[in-house]
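Welcome! Let's walk through this model together, one question at a time.

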Amino acid sequence: MKYALRDGNTITPDDSQDKFLEKLYTTGFGLKLIGILIQPIISRIGGLFMKSPLSRFLIKPFIINNLIDMNEYEDEDYGCYNDFFIRKIRQGARPIDMNKSHLISPCDSKLTVYDIDDRSIFPIKGHNYNVHSLLKDKKLMEKYRGGKALVFRLTVDDYHRYSYIDTGIKTRNRSIEGVYHTVNPVAADTFPIYRENNREYTMIRTDNFGDVIQMEVGALMVGRIKNYHFAGRVTRGEEKGYFEFGGSTIVVLLEKDKAVIDDDIVKNSENDIETRVLLGEKIGSSV
């Protein structure tokens, strides 16, 4: 699947994972295998392996195959693959844009922006979703009508720690249990993945962008969404939490007329192209 860099260049990544997942989600054998893989006990076993020293041999080949620049990360002797997966970025490697009028990305990811129309319905890779089905809350569906849905898709080579997009007061974290499926777009042809995945969200009464929903969505083989804070005041760029092993997604919902998304991101989204963004960088502006 193509994605664009902020300089306008378009990248076509290796599609071997997409081809594998297409077979997994479109064949009888693949669907039977998924039925096994999505069982909680399988996810737990996979998570335990990734947290054991036995998984260390996976680290070096992964770094090489995905061209990861380890100079960006803190030096550490990783005891297991999951320690590597949740590695910390070096201070200064992801500068946070502190301009109060700038909307920033909460993570490294591939971003797509959608309008939330009058029926609070927006598409995510081939399926239509409304805010109620995503959040299980009719009042919030009304609140975000006419706003924006920002979908940040993290792949396994991305930095899997994420931050708050603005300073403000957050509510408690709300968890919605689900069934683990991959967030790779090909899965959407068979499964309504955002309705089945485990997810956790909070509302943040931000200083500059109104009431913002920031949601984390777990994926196949993700052991856990790890959020740090209870209700209280949070700060722009402050680390909110991290994903354990697996590809994952963050969804940000903005109220109507609270922010304008940068033109390149909007244009790419209209052409079904994701935009590569980094944690802390500007992706829009307040109204």
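Q: What makes two strands a pair?
A: Two strands pair if DSSP finds at least two bridges between them. Strands themselves are DSSP runs of E with at least two residues, helices are runs of H or I with at least four, and both are numbered from the N terminus. This is a predicted model, where local features need pLDDT of at least 70 and side-chain atom pairs count only at pLDDT 80 or more, while totals for chains, interfaces and linings use all residues. Residues are numbered from 1 along each chain as its sequence is written, and side-chain values use heavy atoms, with hydrogens and water left out.

Q: How do you know that β3 and β19 (residues 282–286) pair?
A: Three bridges lie between β3 and β19, and at least two are needed, so the two strands count as a pair. They run in the antiparallel sense. Within it, histidine 102 stands opposite serine 285 in β19.

Q: Which strand is joined to β19 along with β17 residue valine 260 standing opposite serine 285?
A: That strand is β17, joined to β19 by three bridges in an antiparallel run. Valine 260 stands opposite serine 285.

Q: What makes β4 a mostly covered strand?
A: Six of the seven residues of β4 are buried, where buried means under 20% relative accessible area, exposed over 50%, and partly exposed in between (1.4 Å probe, protein chains only).

Q: Which strands pair with β4?
A: One is β18 (residues 274–277), joined to β4 by three antiparallel bridges, with serine 109 opposite valine 277. Another is β7 (residues 148–154), which pairs with β4 in the antiparallel sense over six bridges. There, lysine 110 has arginine 153 as its bridge partner.

Q: Why are β8 (161–163) and β13 (225–227) said to stand at the edges?
A: The open sheet has three strands in the order β8-β15-β13, with antiparallel pairing. β8 and β13 each have a single partner strand, so one side of each is left without a neighbour in the sheet. Neighbouring strands here are turned by 20° against each other on average, direction ignored; axes are lines fitted to C-alpha atoms (for helices over the stretch in contact), and angles run from 0 to 180 degrees between N-to-C directions.

Q: Why is the contact between arginine 94 and aspartate 108 called a salt bridge?
A: A salt bridge is a side-chain nitrogen of Lys or Arg within 4 Å of a carboxyl oxygen of Asp or Glu. The closest N and O atoms of arginine 94 and aspartate 108 are 2.8 Å apart, so the pair qualifies. The two residues are 14 residues apart, arginine 94 in the loop between α5 (81–85) and β3 (102–104), and aspartate 108 in the loop between β3 and β4 (109–115). Both are buried. The structure holds 22 salt bridges.

Q: How do you know that aspartate 211 is buried?
A: Its relative accessibility is 8%, and buried means under 20%, so aspartate 211 counts as buried. Aspartate 211 forms a salt bridge with lysine 143, with the closest N and O atoms 3.0 Å apart.

Q: What makes glutamate 255 a salt-bridge partner of lysine 143?
A: Their closest N and O atoms are 3.2 Å apart, and the limit is 4 Å, so the pair counts. The two lie 112 residues apart, glutamate 255 in the loop between β16 (248–254) and β17 (259–261), and lysine 143 in helix α7. With a relative accessible area of 14%, glutamate 255 is buried.
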